[in-house]
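This briefing describes a predicted model.

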Amino acid sequence: MSAASGSLEPEAVRTMFDSIAPLYDRMNLLMTAGLDRRWRDATARRVVRPGDYVLDAACGTGDLALADLRAGASRVVGVDFSKRMLELAERKSSAVEWIQGDLCRLPFPDGAFQAVTIGFGLRNVSDRAGALRELGRVLAPGGRLGILEITRARGPLAPFFRIWFETLVPAAGRLLSGGSAYSYLPASVRRFSTPAQLAGEIAQAGFGEVRYRLLAGGSMALHVGVAA
Ligand SMILES: C[S@@+](CC[C@H](N)C(=O)[O-])C[C@H]1O[C@@H](n2cnc3c(N)ncnc32)[C@H](O)[C@@H]1O
């Protein structure tokens, strides 16, 4: 397992995010020209109903948890195992409860939440099937899961995204952080399931009504499923 292969042990993932935390929001802005807020809002609006108690798993610096609040959640909990990412989330809002923890072993009872969101997080989890089952466990029956993730673009814009993600983003990351985290990013996207495969994995984990749509010229995928 290595950053260049796009696959890392959980402890290495945590250390990597701790080290890039100060850079994370700026790199997001640079990589997406600020469109990431729109995709997070689309994810939250798709699964959060007014008054819901919502978990944002792998919350990082907190932007999807804040989108869950904007979508009408009455209470949001953000969970992440990187202390440094959470420290930045804490500075953004005290309206969310920020908890340090592993999304594969969540400290919540069965059926605690009406909706769960996870943005750009699932790709970093090696036991994806276990993670999906755990997210399903903490959802109440009928509760909704929303997964926002980068995907390998296909179609006419694919060459543009390839140059962008595979060359320019790692170069900018190296320049700004001096590390390999932004080489891990395109490698992890290459390794990740296609949207159709991921839909199958979500269904396999016990979710019904699994659907997905592509965003951002086919470079992002928004999957949803309903807990049984
Ligand atoms: C790319 S960031 C995404 C952050 C945020 N969701 C967003 O939309 O910007 C991925 C986050 O997943 C977290 N993460 C990865 N594996 C995790 C795990 N098993 N448990 C908890 N957090 C995890 C990392 O610490 C990191 O903060």
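In this predicted model, the shell around the ligand comprises 12 nonpolar, five polar and four charged residues.

**Ligand shell**

- The ligand is surrounded by 21 residues, and the closest of these are F17, A58, G60, S82 and G119.
- Two helices, α1 (10-32) and α3 (63-70), each contribute at least two residues to the shell around the ligand.
- The most is given by α1, which supplies four residues of the shell.

**Sheet**

- An open sheet is formed by seven strands, arranged in the order β3-β2-β1-β4-β5-β7-β6, with mixed pairing.
- At the edges stand β3 (97-100) and β6 (208-215), each of which pairs on one side only.
- From one strand to the next, the twist averages 15 degrees.
- Strand β1 (residues 53-57) pairs with strand β2 (residues 75-80) in the parallel sense, over five bridges.
- Within this pairing, V54 has V76 in β2 as its bridge partner.
- As a general point, strands of a sheet pair through backbone hydrogen bonds, either parallel or antiparallel.

**Helices on the sheet**

- Helix α2 (residues 36-47) packs on the sheet and touches β4 (113-119), β5 (139-150), β6 and β7 (220-226).
- The direction of α2 makes about 165 degrees with that of β5.
- Helix α5 (residues 128-137) lies across β1, β4 and β5.
- Relative to β5, helix α5 runs at about 140 degrees.

**Nonpolar core**

- The largest nonpolar core has 60 residues, of which L55, A57, V116, L135 and L145 touch the most other members.
- When neighbours within four places in sequence are left aside, L55 is in contact with V77, V79, F113, V116 and V138.
- In soluble globular proteins, nonpolar side chains tend to be buried together.

- E9 belongs to the segment before α1.
- Why is E9 classed as exposed? E9 has 10 other C-beta atoms within 10 Å, and a residue counts as exposed if that number is 12 or fewer.
- The C-alpha atoms of E9 and S126 are separated by 7.2 Å, although the two residues are 117 residues apart along the chain.

Note on methods:
Residues numbered from 1 in each chain as written. Predicted model: local features only at pLDDT ≥ 70, side-chain atom pairs only at ≥ 80, totals over all residues. Near = placed C-beta within 6 Å. Nonpolar A, V, L, I, M, F, W, Y, C, P; charged D, E, K, R; others polar. Core = buried A, V, L, I, M, F, W, Y, C linked by C-beta atoms within 7 Å. Buried ≥ 20, exposed ≤ 12 C-beta atoms within 10 Å, placed from the backbone. Contact = placed C-beta atoms within 7 Å. Pairing = 2+ DSSP bridges. Axes fitted to C-alpha atoms, helices over the stretch in contact; angles between N-to-C directions.
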